[in-house]
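Here are my notes on the model you sent over. Have a look at it first, then read on.

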Amino acid sequence: MGNILDKFKLDGKVAWITGASYGLGLAYALAFAEAGAKIVFNDINQDLVDKGLAAYKEAGVEVYGAVCDVTNEEQVQKFVADVKANVGSIDILVNNAGIIKRIPMTEMTLQQWNQVIDVDLTGPFICSKAVLPDMIEKQSGKIINACSMMSELGRETVSAYAAAKGGLKMLTKNICSEYGQYNIQCNAIGPGYIATPQTAPLREKQADGSMHPFDRFIRSKTPAQRWGQTEDLMGLAVFLASEASDFINGQVVYIDGGILAYIGQDPNNLDESKFADVD
Ligand code: NAP
Ligand code: GCO
């Protein structure tokens with residue numbers, strides 16, 4: 001047996017990370033590139049794709065990027081065909097693109113509900129369906145879904161998001177069940193509360209300069225007493241994308257600083273002086 005670290009290498013693999021202009025998707029892509037993969041990404045509009053291209057260029061990573069709405073099957077099929085023609089067939093898919101709408105359920109419109117379900121649950125269905133045929137033909141493939149604390153827990157105002165992420169957990173298990181026979185592994189990353197633009201509203205300082213109540217609350221529910229950083233997730237992403245995880249399938253791996261293991265403490269007991277600014 002060679003060096004065990006060779007099992008974590010992604011050399012020669014084509015990795016597609018959806019919605020990867022910034023945030024967690026960008027972090028996954030940079031980690032995959034460092035592990036040897038060729039990176040392809042999409043985002044919802046050209047401005048975001050350009051933002052992503054600039055970020056990858058600054059990081060010294062050559063990528064293929066294009067506009068593609070993950071809820072539009074025609075755009076997704078074309079994106080996958082263009083990638084196959086220009087880069088190669090996709091070996092690794094990270095269904096990262098996602099949105100959230102924080103609205104009390106009784107005030108949420110059906111359109112708002114459908115928008116979240118379409119991106120966060122139907123999008124991964126569309127993208128996975130587009131890459132599976134080549135993975136089946138190659139008898140090899142990795143699909144990694146972006147689950148969440150809300151794949152296990154509910155909270156006020158995120159009904160559509162929790163329903164989508166709960167459904168995504170089961171889609172992960174079903175892709176495993178249906179395509180594991182072709183040496184295709186479908187797992188999910190379940191991040192805790194990570195400091196990205198998506199969670200920025202939950203960390204904004206109050207007018208008087210004090211912590212956002214939700215910031216204090218989440219720290220009281222997290223043994224690490226901190227928000228996750230995108231860097232915290234990179235190692236797990238590479239692991240799930242590599243041959244090191246070939247016998248792991250249908251799992252959601254939670255990377256949450258201990259939230260799901262901990263009943264939490266009184267937020268008022270927290271020593272705020274210990275907290276470095278998150279971002
Ligand atoms: P983010 O900062 O909001 O980035 C999401 C990316 O997906 C954005 O570039 C977004 O574009 C793009 N996107 C949205 N709709 C799309 C569509 N229809 N087609 C293509 N791209 C689309 O989110 P994040 O915090 O990096 O999170 C990434 C994923 O991890 C999401 O699925 C999220 O639910 C999940 N997650 C995040 C956390 C966290 O604490 N941050 C924790 C658990 C799970 P726009 O800028 O136009 O929205
Ligand atoms: C929220 C947050 C969470 C995180 C993440 C937690 O409003 O509660 O946005 O949903 O994004 O999904 O794992």
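1. Some ground rules before the details. This is a predicted model, where local features need pLDDT of at least 70, side-chain atom pairs count only at pLDDT 80 or more, and totals for chains, interfaces and linings use all residues. Residues are numbered from 1 along each chain as its sequence is written, chains are lettered from A and ligands numbered from 1 in the order in which they are written, and side-chain values use heavy atoms, with hydrogens and water left out.

2. How many salt bridges turn up in the whole structure? A search finds eleven, a salt bridge being a side-chain nitrogen of Lys or Arg within 4 Å of a carboxyl oxygen of Asp or Glu. Three of them are picked out below.

3. Start with Lys9 and Asp6, whose closest N and O atoms are 3.0 Å apart in their salt bridge. Lys9 counts as partly exposed at 48% relative accessibility, and Asp6 is also partly exposed, at 36%. For the cut-offs, buried means under 20% relative accessible area, exposed over 50%, and partly exposed in between (1.4 Å probe, protein chains only).

4. Next, Asp91 pairs with Lys138, with 2.7 Å between the closest N and O atoms of this salt bridge. This one links distant parts of the chain, 47 residues apart: Asp91 sits in the loop between α3 (73-86) and β4 (92-95), while Lys138 belongs to helix α4 (residues 110-138). Helices (H or I, at least four residues) and strands (E, at least two) are DSSP runs, numbered from the N terminus. Asp91 is buried, at 12% relative accessibility, whereas Lys138 is partly exposed at 31%.

5. Glu152 and Lys169 also form a salt bridge, their closest N and O atoms being 3.0 Å apart. Again the pair links distant parts of the chain, here 17 residues apart, with Glu152 in the loop between β5 (141-146) and α5 (159-179) and Lys169 in helix α5. Here Lys169 is buried at 17% relative accessibility, and Glu152 is partly exposed at 40%.

6. After α1 comes Gly36, with a positive phi near 110°.
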